[in-house]
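This briefing covers strand pairing, backbone exceptions and aromatic contacts in one protein model. Please keep the sequence and the structure in view while reading.

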Amino acid sequence: GIFRPAPLFMLAWFGLIALFLDVLLVRLGVTQSTLFSENTYRLGIILVAIFWSISLAERVNLLKNDAQRANQELERSEHRLSQILDGMPLGVVLYASDYKPKYANRSWFEILTDPARDIRPDLSAGRTVAEAIEYYSLKAAGSSEIYPLENFPAVRALHGQPAYADDIEMHRGDQVVPLEMWASPIVGESGDVNSAVVVFQDITQRKMAEDILKDYHHYLELLVAERTKDLDTTNKELRLRLEWLAAVNFVNQ
């Protein structure tokens, strides 16, 4: 569309040029000198100032409308992104450079909540990564030791290194919840890491399936070993029988 302040700018300039031409014609004697014609340039300057003011006000209004539309579109995009993240079965949390969470989705809350111990995730608590490891009892798999802070994916990502771990366990009294976690750094325009996004999930079902598969493999190995032993015994018996038959045949001969 047409930029609305443009006609006002053009009108102001053409008006000023026309008034200066009138003054010039008076000075050259082409037109008659009157009080009005001698001071028309002043009127032109006033008109230019008025038109420029109106044009500037129009421009400011356009910029305000553009900024408002951009903000509304940004809010709609953020709302859509929040809905998408909340619908994910994975926990998502954004850590800032101060090691505190700034955003988390619904699954983050659901996975980490432990009503029996009154453990309830809360962004407003502002727990750092180290405090969160202690609060949620995140330990190294197969041990009672708190998970090392320097190996925790969120910390490694905030140091600029993408990280992955599947040896994290959340202890809930007698229950142990294995977790799988990914973390990726977010780099700003200056090249510095200003935040990190962390994604994790409860892999209890997968660990159970892996244990069942491991037990089944062990059972198969035992079964194969037993069958191999039986086969070796049978082979020995066959060899003995063949040797006995060979001996009998030799005696008969």
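In β2, the bridge partner of Val93 is Ala104. The model is predicted: local features need pLDDT of at least 70, side-chain atom pairs count only at pLDDT 80 or more, and totals for chains, interfaces and linings use all residues. Residues are numbered from 1 along each chain as its sequence is written, and side-chain values use heavy atoms, leaving out hydrogens and water.

**Sheet**

- Strand β1 (residues 91-96) pairs with β2 in the antiparallel sense over 3 bridges; two strands pair if DSSP finds at least two bridges between them.
- Helices (H or I, at least four residues) and strands (E, at least two) are DSSP runs, numbered from the N terminus.
- The open sheet has 6 strands in the order β2-β1-β6-β5-β4-β3, with antiparallel pairing.
- Because β2 (101-104) and β3 (138-140) stand at the edges with a single partner strand each, one side of each has no neighbour in the sheet.
- Neighbouring strands of this sheet are turned by 35° against each other on average, direction ignored.
- Helix α7 (residues 204-252) packs on the sheet and touches β4 (163-172), β5 (175-187) and β6 (193-202); contact means heavy atoms within 4.5 Å.
- The direction of α7 makes about 120° with that of β5; axes are lines fitted to C-alpha atoms, for helices over the stretch in contact, and angles run from 0 to 180 degrees between N-to-C directions.

**Positive phi**

- Most residues other than glycine have a negative phi.
- Tyr99, in the loop between β1 and β2, has a positive phi near 70°.
- Tyr99 is partly exposed at 28% relative accessibility; buried means under 20% relative accessible area, exposed over 50%, and partly exposed in between (1.4 Å probe, protein chains only).
- Asp118 lies in the loop between α4 (106-112) and α5 (129-135), and its phi is positive, near 60°.
- Asp118 is exposed, with a relative accessible area of 53%.

**Aromatic rings**

- The whole structure holds 3 aromatic pairs; rings of Phe, Tyr and Trp (its six-membered ring) pair if their centres lie within 6.5 Å, and planes under 30 degrees apart count as stacked, over 60 as edge-to-face and the rest as tilted.
- One of them is the edge-to-face pair of Tyr147 and Phe152, at 6.0 Å centre to centre and 75° between the planes; both residues are buried.
- Tyr164 and Trp182 form a tilted pair, with ring centres 5.8 Å apart and planes at 45°.
- Since Tyr164 lies in β4 and Trp182 in β5, this pair ties together parts 18 residues apart in sequence.
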